[in-house]
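Here is a protein to look over.

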Amino acid sequence: MSTWNTRGLRGSTLEDMINRTNERYREKGLALIQKVPTPITPIKIDKEHRHITLAYFEQKSTVDYIGAVQGIPICFDAKECHISTFPLQNVHAHQVEFMKDFEKQGGKAFLIIHYTSEQKFYYLHLRQLLLFWKRAQEGGRKSFRMEELDPAYFFETGKGILVPYLEPLSLDLESEVDNS
């Protein structure tokens with residue numbers, strides 16, 4: 001059983017940005033993506049400020065977001081990284097298994113990584129994540145460096161969209177068709 005405290009709010013800025021992006025995508029009729037709530041049981045509540053200060057997770061979470069883009073089911077998790085090396089410990093085995101199962105059902109699974117020091121985002125498709133994951137499982141590096149990533153999947157805020165992840169998703173879908 002895991003506990004939660006205010007450390008868990010570290011990615012809330014990224015999640016706020018993605019939530020606003022998802023709302024814009026919905027308004028434009030491009031996608032319908034929802035934040036997956038993490039079920040918790042409150043243990044301590046600050047009644048004066050009306051917020052939870054300690055809680056237990058009721059179950060393991062899967063991913064942060066799930067929905068559909070133009071009829072294609074997608075799921076993804078949002079991660080922040082303050083340095084140029086991303087530790088794989090930030091991704092949990094049950095999340096990887098969920099994403100693999102999701103893709104077996106015809107969906108697309110990926111991570112959005114915000115490299116805060118660079119102010120860049122990266123779309124890490126499941127295929128690439130699994131290569132890094134396998135390397136770590138076989139005793140290799142338990143992280144990956146920005147230099148190891150495909151430059152085509154880096155993206156920045158723009159065109160009135162805070163986290164425009166549909167562009168690299170489109171590139172990912174095109175590359176799958178080209179490789180078929």
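Q: How many disulfides does the rule give?
A: Zero disulfides. A disulfide here is a pair of cysteine sulfur atoms within 2.5 Å. The model is predicted: local features need pLDDT of at least 70, side-chain atom pairs count only at pLDDT 80 or more, and totals for chains, interfaces and linings use all residues. Residues are numbered from 1 along each chain as its sequence is written, and side-chain values use heavy atoms, leaving out hydrogens and water.

Q: Why does Cys75 count as buried?
A: Buried means under 20% relative accessible area, exposed over 50%, and partly exposed in between (1.4 Å probe, protein chains only). Cys75 has 0% relative accessibility, so it is buried.

Q: What makes Cys81 buried?
A: Its relative accessibility is 3%, therefore Cys81 counts as buried.

Q: Why is Leu14 called buried?
A: Leu14 has a relative accessible area of 1%, so the label buried applies.

Q: Which helix holds Leu14?
A: Helix H1, residues 12-27. Helices (H or I, at least four residues) and strands (E, at least two) are DSSP runs, numbered from the N terminus. The protein has four helices and 11 strands.

Q: Which residues does Leu14 touch, not counting those up to four places away in sequence?
A: Ala78, Lys79, Glu80, Ile112, His114 and Phe121. Contact means heavy atoms within 4.5 Å.

Q: What share of the 180 residues is buried?
A: Buried residues make up 36%.
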